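Work through the exercises below with the structure in view. Try each task before reading its solution.

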Amino acid sequence: MDSTTYENIGNYRKAHILKVSHDHFQLNQLHHQILTKVLEAAINHVSVRFGPPPSPFSFFVMGSAGRQEQSIWSDQDHGIVYQHLSEEGRSYFLTLGKEISKGLYQAGYPYCDGGIMAGNPFWCKSINEWQEQLANWTLEASWESIRYLLIFLDARSVYGEGEYVNVLKNQIYQTINKNHLHTKLLNNTLHLKKGINVLGQLLVETHGSHTGSLNLKELGFLPYVNAVRLAAIKENVLETATLSRLEKIPATWLSTKEREYYIDQFTRLLNYRLLFCHSSDYDSGHYLPINRLSKEQTKEIKEIIKSGASLYHTVRKLLEKEDYYGDE
């Protein structure tokens, strides 16, 4: 199998993506289909050269792909966990990880600037190595190690032994909840950047190529994503999508009415990104030019941002109370 196969998958992506570009769920289903095609091609390619995988494994995605919240453009965030530790296994799965990364790149998904890819030994380990690494990150609880933990907690297995990822997530949950580390998680992720000033105006970029646009990732998505992820940790919710996590967290966090409200607001946010954010490249997909919005749409965006802040404060209050009083 030569590299043109990946290019053919990329052509399939180009041919179909505009058809689903205004429907969040259909768009993410297409991303999943493309990922599956690349995976099958990469596994076949490596198997022809080096034989079948030497051990059961799981390939997982993280970030927006893990949460099934991708926009039209998306970069790569993924890893591998395999069962048996051996030099043969280490070499094989790193080779596979690099092949998958190459395939995704040629299919239209840029490499991750931070190297969060399965071809990097940092993100390709045996299950025992992963267990040790996650334990170290959790107990160390530095800003960087907690950042890695939170990245991993959005992992979604898309091939192989999906239970491996759930086992590792449960390990993280147990350690965090046992040691009441939620405040440290809050300090790492829930720094709330204001999206609306004291005059009620949207705070847009003031310089650079996105001047006059709203950073929808920072001001819109992160308050919802981070807050709901932390509630999911507390409640041992294994789902990764923000909407699914909202549906799963119990009434001790949100009333039925509140839950429905936040689900509606986050769904609106997903739709606004597809309707108004530039789709020319990955970076531009995070910025919303507010001069394209009607008066009613501007009002709606403000409500979405205020709702994200409200959810953030609700989660922060409950988690800080829990860490202060412990399990009573």
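**Exercise 1: a helix pair**

α9 and α11 are therefore roughly antiparallel to each other (an angle over 145 degrees). The model is predicted: local features need pLDDT of at least 70, side-chain atom pairs count only at pLDDT 80 or more, and totals for chains, interfaces and linings use all residues. Residues are numbered from 1 along each chain as its sequence is written, and side-chain values use heavy atoms, without hydrogens and water.

Task: At what angle do α9 and α11 cross, and which residues make the contact?

Solution:
1. Find helix α9 at residues 216-234 and helix α11 at residues 256-276. Helices here are DSSP runs (H or I, at least four residues).
2. Their axes, lines fitted to C-alpha atoms over the stretch in contact, come within 11 Å and cross at roughly 150 degrees. Angles run from 0 to 180 degrees between N-to-C directions.
3. List the contact (heavy atoms within 4.5 Å). α9 brings Leu216, Gly220, Phe221, Tyr224 and Val225. α11 brings Tyr262, Gln265, Phe266, Leu269, Leu270 and Arg273.
4. Sort these residues: eight are nonpolar, two polar and one charged. Gly counts as polar, Arg as charged.

**Exercise 2: the cores**

Task: Which residues touch the most other members of the largest nonpolar core?

Solution:
1. Define the core: buried Ala, Val, Leu, Ile, Met, Phe, Trp, Tyr and Cys residues joined through side-chain atoms within 4.5 Å. Buried means under 20% relative accessible area (1.4 Å probe, protein chains only).
2. The largest has 64 residues, and Trp130 and Ile301 touch the most other members.
3. α9 gives the most to this core, with eleven residues.
4. Apart from this core lies another, of 33 residues, among them Tyr6 and Val158.

Note on methods
Helix = DSSP H or I, 4+ residues; strand = E, 2+ residues; numbered from the N terminus. Parallel < 35°, antiparallel > 145°, perpendicular 65-115°, else oblique. Buried < 20%, exposed > 50% of the residue type's maximum accessible area, 1.4 Å probe, protein only.
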